[in-house]
Amino acid sequence: MTNVYIEGIGMTKFGKFVDKSMKQLLVEASIEALEDAGNPKVDAVFVGNFMGGSIGNQEILSALVANELGLGYIPTAKVEGACASGGIALRQGIIGILSGEYDTVLIAGVEKMKHASTADVTQAINAAMDNDSNEKQAGLTFPGFFGVLANRYFYETEATKEHLAMIALKNRENALNNPLAQFQKPTTMEEIMEARIITSPLGLFDCSPTTDGAAALVITRKKGAIHIRSSAQSSGPTQMQDADDLLSLPAVRESGRLAYEKAGVGPEDIDVVEIHDCFSMTEMLAIEELGFFNKREGWLAVEQGRTKATGDKPVNTSGGLLSRGHPIGATGVAQMYQLVQQLRGTAPNQVEHARLALAQNLGGTGSYSTVHILERL
């Protein structure tokens, strides 16, 4: 277990913000987190970001925050781990406190994507694949990868496209109650099932959107109400052809195993979960890899409504990446924002008596995964 606590949280609304720069989004979320924490002295800043340089022509994000907020000449760094950038940034801050180097650290994540064309964003995102591989040369993309996994899942189980639609609908229904979510328009199973196909069998609602937004946390060694009980990170295969089992994400499984072991709890003890649902299929695999349901049986849990906010294992009560939005570098931090609200009893889609919460943040096609377990004291 760690001796690190979350003292403050902040988050911008997710969506499209043509009138705000990446720096403005980052500073807005950071100020909110610092004010929530009572404006403590900050010893370091870590910022999660993936494509600020490639499509935003903006780097040095962590130094920009420190200077804009007048934090002094403290150490700062940007952390890149594809879609897991935010989760890895948080982990770096935790390690800094555990090492004794820092007492209080500001963690933030940000991305600005909506100003760029789909072609430019797609090219930038594909930097998170192994570009020195025959898979890249064959034209494999992220939707293509998870589309293959979905077809294989259908082949090995009795699941159908309708079960993926149930995940997309659940997350949209959760987002309707989240004022900071990107999508707040109701939808139906029929609309999801009939939506434009991105890569078979994944339709538009099965794929996370491009998003602008930022989120921030203040973590500290000073004992508080929200304890980071454990932090874990693992790596996994960077190519589909290296997978022993197409329906397994080893980095998710291993980071979960380590987080449970460090926290001294098991999946049965977790009250509320935020999972990296970059695609509906990713949520299906992750709920199995993290041990919430048996392998190849996650679809049954989805069908029975067990992952709804009112179910026995609520998943993505924020709306998840599919409907809360996915500003890549901010996603891992935004997951923590939602879970801290859950443990404070102030969350959209509040889970009654939530005491233990788990966040899982994925990078690449399974290249990185972080898992953090929080506890309300």
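How are H8 and H11 oriented to each other? The tour of this predicted model begins with that pair.

**Conventions**

Residue numbers start from 1 along each chain as its sequence is written, and side-chain values use heavy atoms, with hydrogens and water left out. Because the model is predicted, local features need pLDDT of at least 70 and side-chain atom pairs count only at pLDDT 80 or more, whereas totals for chains, interfaces and linings use all residues.

**Stop 1: helices H8 and H11**

Select residues 161-175 for helix H8 and residues 280-289 for helix H11. Helices (H or I, at least four residues) and strands (E, at least two) are DSSP runs, numbered from the N terminus. The two helices pack at an angle of about 95°, and their axes are 9 Å apart. Axes are lines fitted to C-alpha atoms, for helices over the stretch in contact, and angles run from 0 to 180 degrees between N-to-C directions. H8 and H11 are therefore roughly perpendicular to each other; the cut-offs are under 35 degrees for roughly parallel, over 145 for roughly antiparallel, 65 to 115 for roughly perpendicular, and oblique for the rest.

Next, display the side chains at the contact (heavy atoms within 4.5 Å). From H8 come His163, Leu164, Ile167, Lys170 and Asn171, which meet Ser280, Met281, Glu283 and Met284 of H11. By class, this contact has four nonpolar, three polar and two charged residues. Here Ala, Val, Leu, Ile, Met, Phe, Trp, Tyr, Cys and Pro count as nonpolar, Asp, Glu, Lys and Arg as charged, and the others, Gly among them, as polar.

**Stop 2: helix H10**

Move to H10, residues 250-263. Its end C-alpha atoms are 20 Å apart, which agrees with the 20 Å that its 14 residues should span at 1.5 Å a residue; the expected span is 1.5 Å times one less than the number of residues.

Which residues of H10 are buried? They are Ala251, Val252, Ser255, Gly256, Ala259, Tyr260 and Ala263. Buried means under 20% relative accessible area, exposed over 50%, and partly exposed in between (1.4 Å probe, protein chains only). Look down the axis of H10: the buried residues fall within an arc of 155°, so they line one face of the helix. The arc is that of the directions from the helix axis to the C-beta atoms. The elements covering these residues include strand S8 (226-235), H11, strand S10 (356-363) and strand S11 (368-376). Following H10 is Gly264, with a positive phi near 70°.

**Stop 3: backbone features in loops**

Select Ser200 and Pro201, which are joined by a cis peptide bond with omega about 5°. Pro201 lies in the loop between strand S5 (197-199) and strand S6 (202-203).

Two residues other than glycine come next. Ile60, in the loop between helix H2 (52-56) and helix H3 (61-68), has a positive phi near 45° and counts as exposed at 58% relative accessibility. Arg296, in the loop between H11 and helix H12 (298-303), has a positive phi of about 65° and counts as partly exposed at 23%.

**Stop 4**

Ala309 is in the loop between H12 and helix H13 (320-323) and is partly exposed, with a relative accessible area of 21%. Leaving aside residues up to four places away in sequence, Ala309 touches Asn174, Pro314, Thr317, Asn349 and Val351.

Finally, select Gly144 in helix H7 (residues 142-156). Gly144 counts as buried, at 16% relative accessibility. The C-alpha atoms of Gly144 and Leu98 are separated by 40 Å.
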